[in-house]
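Hi,

Here is the structure I promised to send over.

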Amino acid sequence: MKTSITLAIALLLFPLLAAAQKPIYQSTDKAGPVFSDTPTPGATQVDLQPINVIQTPKVAPSAQPPQAPAAAYGQLLITSPANGDTFWVNSGNLQVQVYLQPPLNSTMGDTLRLRVNGNPLPRSFTSNTISVTQGDFNLAADADNIQQTVQVAVVDTAGKVLIESPSISLFLRRHIQYNRVAPRQ
């Protein structure tokens, strides 16, 4: 039903659209004015006004492609080591495991920055496993049990902090070997 109505309207409008390009003549009969594209005796040509056309302003393309919205990070945690753990620094590097939701958007330049005792490390990371060396900690030469704090943050390319994890405390221990001098006999 709808198709036949649409077809009928199209067939009725087609002659009108075609006639718009030819001159139109007006004559009068007993029913009133008659419009036609064929001149008849006593008909006058009708000058039609041009069709209303609105010119839209041209929009210049933007110089920069639109930037994707920054990732809205919802959760950042240090999952390993646990708060209060003891780590023996003589055994190698400390592996810090990070949970980040949603995952790090490194395509936009976001990176992970680790802070030890409030001081950011000079390097940034893109992996959820961060290796911290013994030299990254503030270890006093005479102490063998030192408490350290570790925190991780997501920063953008401008260095702006997007989200921070809670700080955790670690106890770092070192194996110390004393060289005892054997007593003389």
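This is a predicted model: local features need pLDDT of at least 70, side-chain atom pairs count only at pLDDT 80 or more; totals for chains, interfaces and linings use all residues.

Three strands make up an open, antiparallel sheet, and their order is β2-β1-β3. Its edges are β2 (32–36) and β3 (44–46), each of which pairs on one side only. From one strand to the next, the twist averages 40°. Between β1 (residues 24–29) and β3 there are three bridges, in the antiparallel sense, and Ile24 stands opposite Val46 of β3.

Next, the salt bridges. Searching the whole structure turned up one: Glu164 with Arg115, whose closest N and O atoms are 2.5 Å apart. Glu164 belongs to strand β11 (residues 161–164) and Arg115 to strand β7, so this pair ties together parts that are 49 residues apart in sequence. Both partners are partly exposed: Glu164 has a relative accessible area of 38%, and Arg115 has 21%.

You will find Asp110 in the loop between β6 (94–101) and β7 (111–116). Asp110 is buried but has no salt bridge, because the nearest side chain of opposite charge, Lys160, is 10 Å away, and a salt bridge needs the nitrogen and the carboxyl oxygen within 4 Å. What the side chain of Asp110 does have is a polar contact of 2.8 Å with that of Tyr73. Beyond neighbours within four places in sequence, the residues in contact with Asp110 include Leu104, Asn105, Val154, Val155 and Leu162.

Best wishes

How values were computed: Residues are numbered from 1 along each chain as its sequence is written. Side-chain values use heavy atoms; hydrogens and water are left out. Two strands pair if DSSP finds at least two bridges between them. Helices (H or I, at least four residues) and strands (E, at least two) are DSSP runs, numbered from the N terminus. Axes are lines fitted to C-alpha atoms, for helices over the stretch in contact, and angles run from 0 to 180 degrees between N-to-C directions. Buried means under 20% relative accessible area, exposed over 50%, partly exposed in between (1.4 Å probe, protein chains only). Lys and Arg count as positive and Asp and Glu as negative; His and the chain ends are not counted. A polar contact is a pair of N or O atoms within 3.5 Å; within protein, one must be able to donate a hydrogen and the other to accept it, and residues adjacent in sequence count only if both atoms are side-chain atoms. Contact means heavy atoms within 4.5 Å.
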